[in-house]
Every structure is written in C-alpha cells, then in structure tokens.
Amino acid sequence: MLPAFYVAEDKLVFKDDNLYNEKYDCKVLTERSFIMQNILTKATVEGVRIYALCTTKLVNELAGRHKCSHLASAALGRAMNGALLLAATMKDNERITLRLKGDGPIGEVVADAEGNCVRGYVENNDVFLPLKDGKLDIGGAIGNGNIIVTRYLQNAEPFTGYCELQDGEIASDLTKYLYESEQTPASVALGVLVDKEGSVIASGGYFVQAMPGCDDEILAQLEENINMMPYVSQLLEIGYDPEKIIRIIARGLEVDIKESVPVHFKCRCSRERILDALASLNSDALHELEQDEVTEVHCQFCNSTYTFTQEEITALEKGKQ
Ligand SMILES: [Zn+2]
C-alpha cells in the first residue's frame with residue numbers, strides 16, 4: 001500500500017495508516033483545497049522537466065456546463081489536465097488536441113489546449129458504470145481503441161500521431177503514446193476526485209520528462225519518489241498546490257521553480273468561425289440547410305448554440321455560384 005502522508009505545520013509527516021483515515025486531522029488544509037486556484041507550475045529538477053497542475057475549479061465548472069455524470073466529469077477532467085500539461089511544453093500559439101476514441105459507452109473524449117487555455121467534451125455526458133475496485137471506471141467507460149494526438153505547430157503542418165490505448169485510464173494512454181509515437185519517455189499522472197453529489201473536489205496532474213543527457217541516478221531517485229507518492233488527486237484534495245506536489249516528486253533533489261501561471265477554460269468558437277465553416281460546405285449541403293427557417297449549430301466544446309437565418313444561408317449559397 002502507498003504510504004500516506006500529509007502536512008502538519010509545513011513538515012512532512014509519514015503515516016502508516018491509510019491517508020483517508022487521517023486527512024481530516026488537517027482541517028485547515030482540507031478547507032484550503034476549496035479555494036485553490038487553477039494553476040500550472042513549471043520547474044526543472046537537475047535536467048528533468050516537472051510540470052504540475054491544479055484545475056479543480058475549472059473542471060468543476062466545465063463538468064457543470066456539460067451536465068456531466070460523475071464518470072464523465074472524471075474522464076473529461078483527466079483529458080483536459082493531460083492537454084494542459086502537454087500544451088505547457090509547446091511554444092506560444094501552438095495547440096494540442098487529445099482524442100480518446102474507444103468502443104466503450106462514453107464515446108469519444110476530447111480535450112484541446114493552447115497555452116494556458118483548455119476546453120473539452122465527452123460524447124456521452126451521462127455515462128454510468130458501477131464502481132470498479134471502489135473507483136470510477138474510466139477505463140471501462142472508454143473501452144478499447146486509440147488515443148489520437150494532434151499538434152498544431154507554428155510554421156509547420158499539423159502533426160497527428162496515434163497509438164492503441166493502454167487501459168483507457170488516460171494518463172497511462174498518454175504516457176504510452178508519448179513513448180511509442182513521439183519517442184519521448186515521460187511520466188504522466190492525472191487525477192480527478194468527484195464527491196457523491198457530483199462536484200469535482202480535486203483535479204490536476206503532473207508531467208515528468210527527462211531532458212537529453214540527464215543523470216540516471218536522478219531519474220532513479222524521481223522514480224522512487226513517485227512510487228512512494230499517494231495519488232495526485234489525494235494530494236490536491238488535502239490542499240497541496242502544484243509547487244508542493246513538484247517538491248514531493250523531487251524530494252531529496254534541487255528544485256528550480258520557473259513559473260506558475262493561471263489556467264482557464266476558453267472555447268475557440270465564435271459566430272464568425274462557424275459561419276466560415278458553413279461557407280466551406282458544398283452547394284448541395286447548403287441547399288439542404290436553406291430549406292429550414294433557422295439553422296442551429298451547436299459547439300460541443302462549450303455547449304453554446306449559434307443560430308443562422310435562412311437569408312444568411314442563402315447568402316452563403318449564392319457565394320458558391
Ligand atoms: Zn464553443
């Protein structure tokens with residue numbers, strides 16, 4: 001079993017008991033977790049890049065907007081956390097989209113991040129499955145299939161790669177994808193805790209990547225630390241912020257905190273963009289839309305609906321001739 005530990009007066013205390021039995025000892029920390037900001041912290045640790053992230057508020061809000069079930073909230077949160085962590089390794093104005101496409105009841109899970117902004121959706125937001133070993137069965141909800149990753153790069157064509165899902169739990173799928181498809185050995189952890197009422201009470205994750213030439217001993221130490229850690233969602237729940245999580249991952253090593261940045265939900269949709277997309281349809285498709293008095297276009301990412309009049313569609317169709 002994982003060793004459970006918590007902070008008492010800024011000192012790490014190791015406990016043999018299960019974390020759940022002890023966490024309410026530190027009431028201040030438990031309360032603090034509810035006011036924690038959506039934040040991503042970047043650090044380097046002796047040639048290793050470590051990023052950690054808290055998105056509790058953000059995922060709770062977006063899960064509410066999409067009317068997600070417990071299971072859908074957890075899957076959506078994990079995917080969005082993964083997208084944000086990978087986007088943080090990319091340049092300004094570059095974007096990444098993760099798609100988990102399996103044969104399970106949740107359908108497709110999609111997350112898209114650019115810089116510190118993220119959005120996402122799940123195809124079937126009221127998916128329900130019985131708990132598996134006391135946990136939300138995200139792997140069962142996604143099923144067997146592929147993870148597909150597209151990177152929209154600066155001054156280059158978009159790059160899409162994919163690999164078979166490892167177990168549908170998202171973090172392991174992403175780790176496998178990075179290794180097999182992009183030849184990047186990395187360690188990814190993603191966690192979301194949902195309470196009985198369906199509120200997201202902890203969400204976040206971390207990403208660890210060795211840079212070229214990094215010392216094997218450092219990697220061994222990091223691996224040992226990671227194996228000793230509780231789940232990232234448990235740490236967030238008791239009030240650890242991303243910087244503290246990085247310091248636990250890097251216990252015994254020199255940590256260089258680079259920056260902490262706020263992260264946000266932001267959809268890329270707009271009336272203009274959707275009008276552009278409609279304009280790209282062929283004449284037959286536009287002619288069919290023209291039969292309706294009003295054309296409604298729904299954005300899956302933010303659950304917004306845009307309406308267009310018959311005249312607007314006619315104008316688009318005329319533009320084709
Ligand atoms: Zn949208």
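Reply: Leu178 lies in helix H6, residues 171–182, where helices (H or I, at least four residues) and strands (E, at least two) are DSSP runs numbered from the N terminus. Residues are numbered from 1 along each chain as its sequence is written. The model is predicted, so local features need pLDDT of at least 70 and side-chain atom pairs count only at pLDDT 80 or more, while totals for chains, interfaces and linings use all residues.

Leu178 counts as buried because 22 other C-beta atoms lie within 10 Å; the cut-off for buried is 20 or more such atoms, exposed means 12 or fewer, partly exposed is in between, and C-beta atoms are placed from the backbone. Leaving aside residues up to four places away in sequence, Leu178 touches Thr184 and Ala186, a contact being two such C-beta atoms within 7 Å. Gly161 is 17 residues from Leu178 in sequence, and their C-alpha atoms are 9.4 Å apart.

Turning to the sheet, five strands form an open arrangement in the order E10-E11-E4-E3-E12, with antiparallel pairing, where a pair requires at least two DSSP bridges. E10 and E12 (256–262) are the edge strands, each pairing on one side only. Strand E3 (residues 39–45) is joined to E12 in the antiparallel sense over six bridges, and Ala43 stands opposite Ile257 in E12.

Helix H3 (residues 56–65) has Thr56, Leu58, Val59, Asn60, Leu62 and Ala63 buried. Those residues pack against several elements, including strand E4 (48–54), helix H4 (70–87), strand E10 (186–194) and strand E11 (200–210). Just after H3, Lys67 takes a positive phi of about 50°.

In soluble globular proteins, nonpolar side chains tend to be buried together.

As for confidence, pLDDT is the predictor's score for each residue, from 0 to 100; the chain averages 87, and 89% of the residues score at least 70. Over residues 1–34, however, pLDDT stays under 50, and the model has 41 contacts beyond four places in sequence for that stretch.
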